[in-house]
Amino acid sequence: MAETADVIIIGGGIHGASLAFHLTRRGLRPLVLERRFVAAGATGRSSGLVRMHYDLEPESALAWSSYQIFRNWSEIVGGECGFTRTGFLQFVAADHAPQLRANVAMHQRLGIPSLVVTADDVRRLAPSFYTDDFDVAAYEPESGYADPTGSAAALMTAARAGGGRLEQEVQVTGVATQGGRVRGVETSRGSFEAPIVVNAAGAWAREVGSFAGLDLPITTWKHDTAFLRRPKDLGLTHPTVIDFINLMYFRPETGGLTLVGLEDGNPLGLSPDAAGEQPESDFVERAVERICRRIPGMDRGSLQSANGGYDGLTPDQRAILGPAGPEGFFLDCGFSGTGFKIAPAVGACMAEWIVDGRPKTVDVSAFTLNRFTEGRRLTGDHAYGEIWR
Ligand SMILES: Cc1cc2nc3c(=O)[nH]c(=O)nc-3n(C[C@H](O)[C@H](O)[C@H](O)COP(=O)(O)OP(=O)(O)OC[C@H]3O[C@@H](n4cnc5c(N)ncnc54)[C@H](O)[C@@H]3O)c2cc1C
């Protein structure tokens, strides 16, 4: 006889774990099926930035709602998420300053601690930074970064303690339906039955969607990151930064390291299984050149390590959430390289969608799949343009 659950979640990354956690809080028994191990995909490679600065209001609202969980993790979830407060700065070129001001005003309306600061303020916050190429920046004093692998593990531990189950080394190979309704899944370890099946398969979400007859507009996005060792005289730490001027983000890491990722040159459409996790051949050189533009003293730094990871990218670079395809099939995927920081609240919204019929924590109803066929791509009121070029 097939094993049964209330909800089957395909994928044990931060989103599968978050949804499992929230479902158990609603009294359901979810089963997470993971083909490798928890955080084996994008989550285990994530840079872990936790900031609220988006140009799309529901994403800022998701990040802000998630932040309440990151900051109170041990009481709400248990265990550790490794949140480290560094302060966060968003740099944009002068011609985007009006958008930055409008977006900060939107963040403030949501209650997010965010303010517009001058280049002089940034010099005081981060004396090692070059600050002559912008007039104003956005500053979030409470933001920083967290540990994605630890966060996923903690959510999964809490979900299991609350009646959820996790099966690792189980690959889902098909979605079973009957009369237009989901019945369960086929896997490398036999059949599992549930009336609800959720696609939380990250970079593999398109393939998993095809099991339910969907042709999801999700391609794979490869993203490399480098850990660089800072010269000691640059100080013990620095703020976390998204630097649109240099198409880059960076944050401090323990041990005197700085993690750098680039917004351009991230290859699309590679197979995460075939292409591997080596960085692109020119990545380190490009990353070093960019960070030295913003922190000139980094030309005396050295390389610690570099790696690549994969996420699913959608045409408007925003997630796809909610029901789609056969009745009982849900999408929780397409996080487009920015899905870690919003995962705690997305899991709450998805659990509400499944249990109550609509998301409540944040209104994410605009994130449904049909936006692409109905010409409703998500874009901010004061958009900066796409993050990834
Ligand atoms: C290098 C890098 C840096 C990033 N930095 C940030 C950041 O700083 N801040 C931020 O907010 N976001 C960041 N992101 C994005 C963020 O990490 C992802 O959006 C998020 O981790 C996606 O989580 P997920 O659970 O959807 O996917 P994943 O973590 O990829 O999990 C999906 C899981 O599904 C499993 N799976 C796939 N197919 C099957 C199947 N058929 N059967 C069973 N299991 C299956 C996979 O093994 C995988 O473990 C980054 C991403 C990368 C790659």
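First, the ground rules. The model is predicted, so to speak of local features I need pLDDT of at least 70, and side-chain atom pairs count only at pLDDT 80 or more, while totals for chains, interfaces and linings use all residues. Residues are numbered from 1 along each chain as its sequence is written, and side-chain values use heavy atoms, with hydrogens and water left out.

Let me start with the ligand. There are 38 residues around the ligand, and those that come nearest are Glu34, Thr43, Leu49, Asp311 and Lys341. A residue is near a molecule if one of its heavy atoms lies within 4 Å of it. The shell divides into 17 nonpolar, 16 polar and 5 charged residues. Here Ala, Val, Leu, Ile, Met, Phe, Trp, Tyr, Cys and Pro count as nonpolar, Asp, Glu, Lys and Arg as charged, and the others, Gly among them, as polar.

Which elements supply at least two residues each of the shell? They are helix H1 (14-25), strand S3 (30-34), helix H2 (42-45), strand S15 (219-229) and strand S19 (302-313). Helices (H or I, at least four residues) and strands (E, at least two) are DSSP runs, numbered from the N terminus.

Now the polar contacts, meaning pairs of N or O atoms within 3.5 Å. A polar side-chain atom of Glu34 is 2.7 Å from a ligand oxygen. The backbone takes part too: an N or O atom of Gly337 is 3.3 Å from a ligand nitrogen, and one of Thr338 is 3.2 Å from a ligand oxygen. On its own the ligand has 1,000 Å² of accessible area, and the protein covers 99% of that (Shrake-Rupley method, 1.4 Å probe).

On to the sheets. Two strands pair if DSSP finds at least two bridges between them.

S17 (residues 248-253) and S18 (residues 257-262) run antiparallel, with 6 bridges, and Met248 stands opposite Leu262.

Last, the aromatics. The whole structure holds 9 aromatic pairs, that is, Phe, Tyr or Trp rings (six-membered ring for Trp) with centres within 6.5 Å. Trp64 and Tyr67 are stacked (planes under 30 degrees apart), at 5.6 Å centre to centre and 20° between the planes. Why are they about one helical turn apart? Because they sit 3 residues apart in helix H3 (residues 57-71).

Notes. A polar contact is a pair of N or O atoms within 3.5 Å; within protein, one must be able to donate a hydrogen and the other to accept it, and residues adjacent in sequence count only if both atoms are side-chain atoms. Rings of Phe, Tyr and Trp (its six-membered ring) pair if their centres lie within 6.5 Å; planes under 30 degrees apart count as stacked, over 60 as edge-to-face and the rest as tilted.
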